[in-house]
Structures are given as structure tokens and as C-alpha cells.
There are 2 protein chains.
Amino acid sequence: MNKTGIAIHGGAGTILASQMTAELRAAYENALLKALQEGNYILQANGSAVDAVVAATVSLENHLLFNAGRGSVFTKTGEHEMDASIMEGKDRMAGAVAGVKQVRNPIELARAVMMKSDHVFLSGEGARNFALEQGIQLEPASYFFSQFRYNQWKALRDSGKYTLDHSSPLELLMKDKKFGTVGAVALDRQGNLAAATSTGGMTNKNYGRIGDTPVIGAGTYANNTTAAISCTGHGELFIRSVAAYDVSAMMEYKQVSLETAMQEVVMQKLKAIGGEGGMIGIDAAGNISMIFNSEGMYRGMIDTNGKVAVSIFRS
Amino acid sequence: MNKTGIAIHGGAGTILASQMTAELRAAYENALLKALQEGNYILQANGSAVDAVVAATVSLENHLLFNAGRGSVFTKTGEHEMDASIMEGKDRMAGAVAGVKQVRNPIELARAVMMKSDHVFLSGEGARNFALEQGIQLEPASYFFSQFRYNQWKALRDSGKYTLDHSSPLELLMKDKKFGTVGAVALDRQGNLAAATSTGGMTNKNYGRIGDTPVIGAGTYANNTTAAISCTGHGELFIRSVAAYDVSAMMEYKQVSLETAMQEVVMQKLKAIGGEGGMIGIDAAGNISMIFNSEGMYRGMIDTNGKVAVSIFRS
């Protein structure tokens, strides 16, 4: 049986140590640790990488600190529209949803699209109808309400602006730029890889905007012969860069390591076009990389030796 | 000044010569020729590759023979929901829309997203609101009505089935499998590449299903250093394969030609997972490739020597 590994992220961006209290930092670290443990529990019980990344992502979706699921930001019209995707590396099956309302855990809906439909990508009202048919749990708007996000949205609402940021519960962090997507990648005992990503999108978003999170190849990709990758950042630039698949393609066609490929995509190619953000990945041997070109990225891993680490800033 | 080139497609699939009358074949060939001429006119007037692929795609969208724009198939609820995307190869900017209703020419809306918004990917009602703000032409439902498509839909409506097919106006072709997406790729005198793709999706589609057409990297991709590519086929498998970008990545990382890369993606990788369909591409030198693993693909090109060719079957 193979060794297992799991890595998660809770968003990247301008996260300032000077503005983060010890209490807030501990809250983030505890939430990351809990999500890692939820995913790792499944891996240690010989569960699948798919179930492990869903469990870790659900844990982050259920936490108000992160901009996904329950903690999702408000759209221009005062609603919550969420995106998520998942891919498994053995058969390269995938599932994705965009612009879904009321779904408690969008990553569970993405898994249902992958496992129980003929499709890969469902959107809007139709995706919610599919959720109802599949018995996926819905919640009223009040479930997704938090005073912090509401205040954030009100401040932006009539400005015509939108932000990709702010999953912090403190008003004083409102000016920080942070991309509040969450995600997970894992290797299970059967040697299978999986990647999952979930987001509430941009505060005050308009026009049914879709970022990279539900776009297979951009925000999420997995292939047992290369790696499983989940991204967080300025979605438009990750889409144009086909960022997640580019790491896999470089590994396959140039025979470079996950770390080398990810360094080139995040620190060279994305950076060159202003594509702020980062990504996490795990390869078939369990090597984990977590790279970001922003000031910080909420992240954590339990590697093949069982070593646990969570971090926020650059070191 | 560089030489110019343009190629287009009007869908791929099981197109049976035995069931196609001379009149119908002529109608398809004339429509393809007209679209090529619309695009080529712009290239010869020193216009941009972006404007050329939009002009060619608009011509196909306006024709009832093809499943895009006016000729779009009916959804499960008896509506028309269209997807489109565009990408240019110089700065790798992109625009895409999914699930838009009433928009006369979805490819023009995709271009507006690319040129006039901060976003890449808009969807549903929000995308239509953006269209209204940009003065993009809308049409009533009657504009998209055709008796053939209506009959096709009625036959499927209560069956719980959907099809990716059928852009033929003849009832007797209804059982053919055909993927009725349209698209264009071009090289302009400035040496810039562009790719565009547009579709009405699957007959009787449900759940807000999105195929590969609006997914940058899957259905559409362009990069001046490699090629511009537009796909048509079983969208779910093209998404999972990140098909369009895979051709570009192979060219960049393995230093193979457009033709070699496209042969491997369409005839090996897609075929191996049952991914029926095809794609067209043009590289920076103006070399054009049009490859499909289905029985036929409506296609045409005007190459760098001015040679004009349209075809449907495998020759």
C-alpha cells in the first residue's frame, strides 16, 4: 500500500502579519488543522483521495473564516453564488458547478456531477435542480449570512467595484487583497490522486461572473501520471493561463518535477501577466508543493511521513 | 506583412453521405464558403484575426443549418441557451459566455467580455445584463425558432434524453450523431492569431449544462507562439482532456508541429477515452490543420496561398 498525503489551501493574497492578532491567527491555523484532519482520517481508513479532498473542502466550506460555502461573500444583488470543481486522477473524471445558490457544500454537488451525471459542468438554477434530485443539502439565505461579509458588501455595493478578497472577519483587514478560494489535493493508499476547489467568488460580483475555480484545467486538475493541483488567485488570469493543467503538461512533456513546474507557472508565467495567487499540488509519489506569488497563502499539509504543518506567511 | 489564413468548422459527428442530398450538401458548402469569405474579407483589409474569427462565426451563427446563434437547439424547457468563447494570441486575452438567452450573436458578446470587461467568463442572466449594457443585439424567442429543431426537441422532450447532435434540417438525419458547434481560427497580417467557438449546446439539455465551448483551454485557445485552436465534439471529454490547450502545450514543450500535436490529441488521446469530435487550428506560420475522429466534420479554409477548400466527409 502506498503512503498517503494531503494538502489544503484557504486562499492567497495580501495577508499582513502586522494586522493579524494572535487570536485570529490561531483561529485560521485551527481551522486549517481541522480540515487536514478530516481529510487525513479518510486516507488513513483506506478511503479514496476523492472522498478525502471532499471532506477537507467541506470542513473549510463550513467555516465562516473562508470565502466558500457558509462563509461565501455577497454578490451585487445581495445573494451568494458559489463555484466548485473536483477531478480524480485515475480515469480523469471531473465535476464542476458554477453560480449555485443555497447549496450547503458546493464541493459535494461537484462530486455528484462527476459520479452521478453524464455531464462535467452544470450551472445556475439547473445545477440547483440537479442538487435537489440528488438529495444534496440546501440551506436558506440566513445560513450564509455573516455580519462581517454583509458590512463588507454594503461598503462596496454602490461603488460599482468588486473585490476578490477579504475572508478575514476583522474590519481592519478589509483593505487587504485576498483570494478566498479553498481547496485540497490528496494521494490515497491505492495510489490515486484527486483535487478539489470551492469558492464564493468576488464580493459584489456581477454579470454571473465565473472565475477559475469551476474551470477544469484552470483552477483544478488531476492525473495519476503527473499530479493533482488546486489553485487560488485572480481567476481571470488563471483561466487565460490554463494554470493547473499547465503544471501537469510541463511535468508530462518536459519531464520536470511538480515543484519545478509549479515554480515556473506561479513565479514566472502567472507573475509576468500580473496573475496574483498560488496553488497546491501533490504528485504520484506524494511530494507536496505549495507555491504562491502573493504575500501569504493559508495552507497546510500532512505529508507521506505524517508530518503536519500549517502556515500563512512566507516562512 | 505576413500572409493570412483562416479556417472554420460547423460541427463534427456521424454525418452520412448516403443520407445527404446534393441540395443539402450544396447548402452546407455555400454556408461554409460564405463564412470563410466574411472572415477573409477582414484579413485582406488588414483587419485583426479577432475581428476575422468573429465575422466568420457570426456568419455561421446566423445560418439555421448550424447549431449556434439562430440555429440553436431547444433546451429541456423549450428555450435556447447558448455558449461562446474567443481568445487572441498576442496578449492571450479571452472572453466567454455560458447559458445566455436571446443574444443574436453570442460570439460578439464573448468579444465584448474580452475587450470591455475586467472578466473572462460571464454566465446566464448576468451575462445578458452585460449584453444589454454593451448594446449587444437581442432577439425574441421567435428569431431562434425553426420547425425542424422544434420537432427534434418535441421527440426528445419527454424521453429524458438529450443529444449533442442534429444540425441538419432533414428529419431523416435526426438519428445522426453530430456535434453542432461552430468555430473559426485565423492569422492576420500583423502575425496575430485568434480562435472563436460558439454553440447552442445539446438538444433537450438540462441542469444548465455547460460543454467545452466556453471553457478556455478546452474548446478554444490561442497563443501567438504556438497556435489558435477551436474544437467541436463531445464537450465533457474535451473538458476533461483540456483539449485545445493540450495541443498548444505539446507544441511548446515537445517542439512538435501543430499537425503532429493535433493528431495525437484527436486521434490518440481523445479517441482512447471515447471523445468523439474534431478541431481546427492555425499556427504562426499559417499552417492549417483540421482533424476529426468522427465520420465527418463541416469545415473549410483559405490558406496562406489563397487556396479555398470546403469539405464535409473524410474525402
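1. Let me start at the end of a helix. In chain A, helix 4 is followed by Gly135(A), which has a positive phi, near 70°. Bear in mind that this is a predicted model. Helix 4 itself covers residues 124-133 of chain A, and its buried residues are Gly126(A), Ala127(A), Arg128(A), Phe130(A) and Ala131(A). What do the buried residues of helix 4 pack against? Their partners are strand 3 (94-100), helix 3 (106-116) and strand 4 (121-123), again in chain A.

2. Two residues that aren't glycine deserve a look for their backbone angles. Most residues other than glycine have a negative phi. Arg92(A), however, has a positive phi of about 50°. Arg92(A) sits in the loop between strand 2 (82-88) and strand 3 of chain A, and is partly exposed, with a relative accessible area of 26%. The other residue is Gln255(B), whose phi is also positive, near 55°. Here the loop is the one between helix 7 (243-254) and helix 8 (258-272) of chain B. Gln255(B) counts as exposed, at 67% relative accessibility.

3. On to helix packing in chain B. Helix 1 (residues 22-44) and helix 2 (residues 49-61) of chain B pack at an angle of about 155°, and their axes are 8 Å apart. Since angles over 145 degrees count that way, helix 1 of chain B is roughly antiparallel to helix 2 of chain B. The crossing of these two helices is right-handed. Helix 1 of chain B brings Ala31(B), Leu32(B), Lys34(B), Ala35(B), Glu38(B), Gly39(B), Ile42(B) and Leu43(B) to the contact, while helix 2 of chain B brings Ala49(B), Asp51(B), Ala52(B), Ala55(B), Ala56(B), Ser59(B) and Leu60(B). Sorted by class, that contact has ten nonpolar, two polar and three charged residues.

4. Chain A has a helix pair to set beside it. Helix 7 (residues 243-254) and helix 8 (residues 258-272) of chain A pack at about 130°, with 9 Å between their axes. Helix 7 and helix 8 of chain A are therefore oblique to each other. Their crossing is right-handed. On the helix 7 side of chain A, the contact uses Ala243(A), Asp246(A), Val247(A), Met250(A), Met251(A) and Lys254(A); on the helix 8 side, Leu258(A), Ala261(A), Met262(A), Glu264(A), Val265(A), Lys269(A) and Leu270(A). By class there are nine nonpolar and four charged residues in this contact, and no polar ones.

5. Still in helix 8 of chain A, have a look at Lys271(A). Setting aside residues up to four places away in sequence, Lys271(A) touches Val266(A) and Asn293(A). Gln137(A) lies 134 residues from Lys271(A) in sequence and 39 Å from Lys271(A) in space, C-alpha to C-alpha.

6. Last, the nonpolar core. Which members of the largest nonpolar core touch the most other members? Of its 95 residues, they are Phe121(A), Val247(A) and Met279(A), along with Phe121(B), Val247(B) and Met279(B). Neighbours within four places in sequence aside, Phe121(A) contacts Ala96(A), Val97(A), Ala98(A), Val113(A) and Pro214(A) in chain A, and Phe121(B), Gly208(B), Arg209(B), Ile210(B), Val215(B) and Ile239(B) in chain B. As background, nonpolar side chains tend to be buried together in soluble globular proteins.

Key
Residues numbered from 1 in each chain as written. Chains lettered and ligands numbered in written order. Predicted model: local features only at pLDDT ≥ 70, side-chain atom pairs only at ≥ 80, totals over all residues. Heavy atoms only, no water. Axes fitted to C-alpha atoms, helices over the stretch in contact; angles between N-to-C directions. Helix = DSSP H or I, 4+ residues; strand = E, 2+ residues; numbered from the N terminus. Parallel < 35°, antiparallel > 145°, perpendicular 65-115°, else oblique. Left-handed = near helix turned anticlockwise from the far one by under 90°. Contact = heavy atoms within 4.5 Å. Nonpolar A, V, L, I, M, F, W, Y, C, P; charged D, E, K, R; others polar. Core = buried A, V, L, I, M, F, W, Y, C linked by side-chain atoms within 4.5 Å. Buried < 20%, exposed > 50% of the residue type's maximum accessible area, 1.4 Å probe, protein only.
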